[in-house]
Every structure is written in C-alpha cells, then in structure tokens.
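Trainee: I would like to learn how to read salt bridges and helix contacts. Please take me through a case.

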Amino acid sequence: MPVIAPMPAARPTRIPSQRDGTEETAAAGTTVDHLTETYRAHYRSLLGLAALLLDDTASCEDVVQEAFIRVHSARKRVRDPEKTLAYLRQTVVNLSRSALRRRILGLKLLSKPMPDMASAEEGAYDLLERRDLIKAMKGLQRRQREVLVLRYFADMTEAQVAETLGISLGSVKAYGSRGIAALRVTMESLA
C-alpha cells in the first residue's frame, strides 16, 4: 500500500485573548499526523469507494492518492479533526466524478473511425474481376445474357423476367442455367 510520507506537524497558532490579555491556543486545522493516520487507517475503504465509481484499479489508486494530497494541502480548512475522513471521502467522490467527466469528453472528441474500406489491392482485384465478368458476359448468347442481367443484376423474379422478355418461365430457367454454366467455364479459364 503506497503511503505518502508525512510532513512535520503544523504548530498551533497563538491568538491573543481579548478578554484577559492572555494568549489562547487555536486549532489551525487538522494536523499532518492525524491526516496521515486517518489516510492509512481508511485507505482500503477509500479505494473501495473509488472502485464503486470508477472501473479500473489504477485510476482508483490515483484518485485516492490525489485526494490525500489535496486534503493535505487544504488541511487548515478542516477545523474539526473528526471530519478529516469526511473530507477525504468527499474529495475521492469529486475526483472520481472529474475523472469520469474527462473520459466522457475524451470519447466524444475521438474521431469517428473510417468505415471499412477495401484496400487499393482489393479494389484493383475487384476491377479485374469485373472486367473479366463483363468480357465473359459479352461472350454469352443474347438471350442468356438478357436473362442473367435481368435476373441477377436487376433483381427480378423468374416470372418478371419471363414477362419482360415475352418468353415462357421454362425458357427463362433454361437460359439462366445454361448462361451460368457458360460463365463458370469462362471465368475458370480466365483465372
């Protein structure tokens, strides 16, 4: 458990009494020793508090350490030494909130990732395949080419293709089947 070395205890300041002219000892906040002992005694509970608010151990430890440092530097404001733990807890909560705010802001400011795009090599390969396919399509009979274009590129049903071309449904199936077989042979020979 990391612990920051305590500083020498602050001496109480002497304030002259207005009543009888004698000096009174006034508390100048919590002492370093008391703060350090409170921190050591409640380190795990402060870490647990930070863990409820944050998600990773390193951030929790950082927040608890920073809380100790901040309360240490402002220890004169802690008038009642019994409230030292409350100050530490509140500082842990506030620092955890700040850490979460920074994370959220960081996520909002992150640039949005580019969509998955094909590499230049893939694009060139696709272009070559497309050229080969067009060349193979041009080598088909006119009716086979018409049926395949309407069926697969225009996304028509066989019935719609038959109606568009003015041929029977059986002819559409026959031209399509023969056209695909011819394309397969041509594309395999080009590869």
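**Salt bridges and a helix pair**

Mentor: D56 counts as partly exposed, because its relative accessibility is 29% (buried means under 20% relative accessible area, exposed over 50%, partly exposed in between, with a 1.4 Å probe and protein chains only). Before going on, note that this is a predicted model, where local features need pLDDT of at least 70, side-chain atom pairs count only at pLDDT 80 or more, and totals for chains, interfaces and linings use all residues. Residues are numbered from 1 along each chain as its sequence is written, and side-chain values use heavy atoms, with hydrogens and water left out.

Trainee: Which side chain meets D56 in a salt bridge?

Mentor: Start with the criterion: a side-chain nitrogen of Lys or Arg within 4 Å of a carboxyl oxygen of Asp or Glu. Here R103 pairs with D56 at 2.8 Å, N to O. The two sit 47 residues apart and link distant parts of the chain: R103 is in helix 3 (residues 84-109), D56 in the loop between helix 1 (32-53) and helix 2 (57-73). Helices here are DSSP runs (H or I, at least four residues), numbered from the N terminus. R103 is also partly exposed, at 29% relative accessible area. D55 joins D56 and R103 in a network of salt bridges.

Trainee: How many salt bridges are there in the whole structure?

Mentor: Six. Among them is R142 with E146, whose closest N and O atoms are 3.0 Å apart. Both residues lie in helix 5, four residues apart, about one turn of the helix.

Trainee: Which residues make the contact?

Mentor: Contact means heavy atoms within 4.5 Å. Helix 5 contributes R143, E146, V147, L150 and R151, and helix 6 contributes E158, V161, T164 and L165.
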